[in-house]
Amino acid sequence: MAKMWAGRTDGTTEKIADDFNSSIRFDCRMYREDITGSMAHAAMLGAKGIISPADADTLIAGLEDILHDLDSGALAIDEECEDIHMFVEQVLTARLGDVGKKLHTARSRNDQVALDVRMYLRRECDGITDRVKRLIAAVTDKAEEYKEAILPGYTHLQRAQPILFGHHLMAYAMMLLRDLDRLSDCRRRTNVSPIGCCALAGTTYDTDRRFEAEKLGFDDICLNSLDGVSDRDFCVELMSALSLLMMHLSRFSEEIILWSSWEFKFVELSDAYTTGSSIMPQKKNPDMAELVRGKTGRVYGDLMALLTTLKGLPLAYNKDMQEDKESVFDACDTVKMCLDVFVGMIATMRANTDNMKTAAQRGFINATDLADYLVKKGLPFRSAYKIAGQLVARCLADGTVLEALPLATYREFSDLFDEDLYGEIDLVTCVEKRRSEGGTSRASVEAQIQFVREKIG
């Protein structure tokens, strides 16, 4: 097949070189962006008199037909073409003749591909943002459902203090809100038009770059043509944001995996989001959560691959930059799939509140409140801390919990203990006393839920 760039050379390359050089197998997904960008470019060329208005209209109509035919399946993408840009131009020229050859006036594939990638990732940002909002809504609904359920809060994976399950879930909602902010920032910096930068130095034609940018929904244009064609910061930034998002999903997955084990039995995952064993009939495996945890490494790898590709490139465009698309496409595809699965997994997850409360009682996680009780009676904190620790040791020796220990036993350690002690160390009281903003009391959790729901609309 004759190459559209033939001239300086005869355009003849070995089949293995063609295959190695080709990107159409993965950049074909940007055909809508490529055609839409070309339509805006044709409109600009006509408006500025660089080509005749009639030719511009012919080009736009021809591009609309190609888009329609690709969408409907009437036209198949030819994978023998080098890339999506060459495919569209080749089909256009085949259909329109010499008029089709005018489309590439005052642009290069360098700024064309930069435009396509920015438009495509802008759309991906929107799709991922919508999915994150759906997940936040599912997490918030689950927090509302279990805003009174008590479970142990952990540090060092050791039972620490009592919290509400709703409070624990809202921690992930807050992480996901930050992910939304990062995606919004990414989209803003992505939404800058490079078209008109051409190969690297701009063009001698009297173009109107802002006309094209406005027509394509961009907020601004790249103000340096070298930077415009060589910048892939927006890809790295998006992949960084996606890596953080996956890290949050992975941490959540880890807890779900632990919670659903027999050792914890805090939650029960729906059968629809688990699998069985091929040999052990009793098994119910949290494979979806495990896969999300595993795919986090994949997204990290995509980010590192692109950072490594870009780190030594001189200005402006280099063919190495063709490697940007597979990494960023894979990261976006992986994140979207993980989010879609996660929404359903969370929405159908059921909490075993009795198991949670039992674990909270057996963990002596009201020991801090026991010490605080003595401090309020006038005992220095360090002395109170020691007595509380001794009482925990006594409970362990007697096989009981602080709430069940007789008052007479308490008074063996301090005369300051009285009947009001039991109300102070009740787990519900322990939770409700933590009324500080952002704390685990029911009122605080309800405030967090309201805040998050307002943020996601």
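**One residue, then the chain**

A: Leaving aside neighbours within four places in sequence, V117 is in contact with M30, F234, C235, D324 and K325, where contact means heavy atoms within 4.5 Å. This is a predicted model: local features need pLDDT of at least 70, side-chain atom pairs count only at pLDDT 80 or more, and totals for chains, interfaces and linings use all residues. Residues are numbered from 1 along each chain as its sequence is written, and side-chain values use heavy atoms, with hydrogens and water left out.

Q: How far apart are the C-alpha atoms of V117 and D324?

A: They are separated by 9.3 Å, although V117 and D324 stand 207 residues apart along the chain.

Q: Is V117 buried or exposed?

A: Buried means under 20% relative accessible area, exposed over 50%, and partly exposed in between (1.4 Å probe, protein chains only). V117 counts as buried because its relative accessibility is 1%. Across the protein chain, buried residues make up 50% of the 457 residues.

Q: What radius of gyration does the protein chain have?

A: The radius of gyration is taken over C-alpha atoms, and the globule rule is 2.2 Å times the number of residues to the power 0.38. The protein chain has 31 Å, whereas a compact globule of 457 residues would have a value near 23 Å. The C-alpha atoms fill a box of roughly 100 × 50 × 40 Å along the principal axes.
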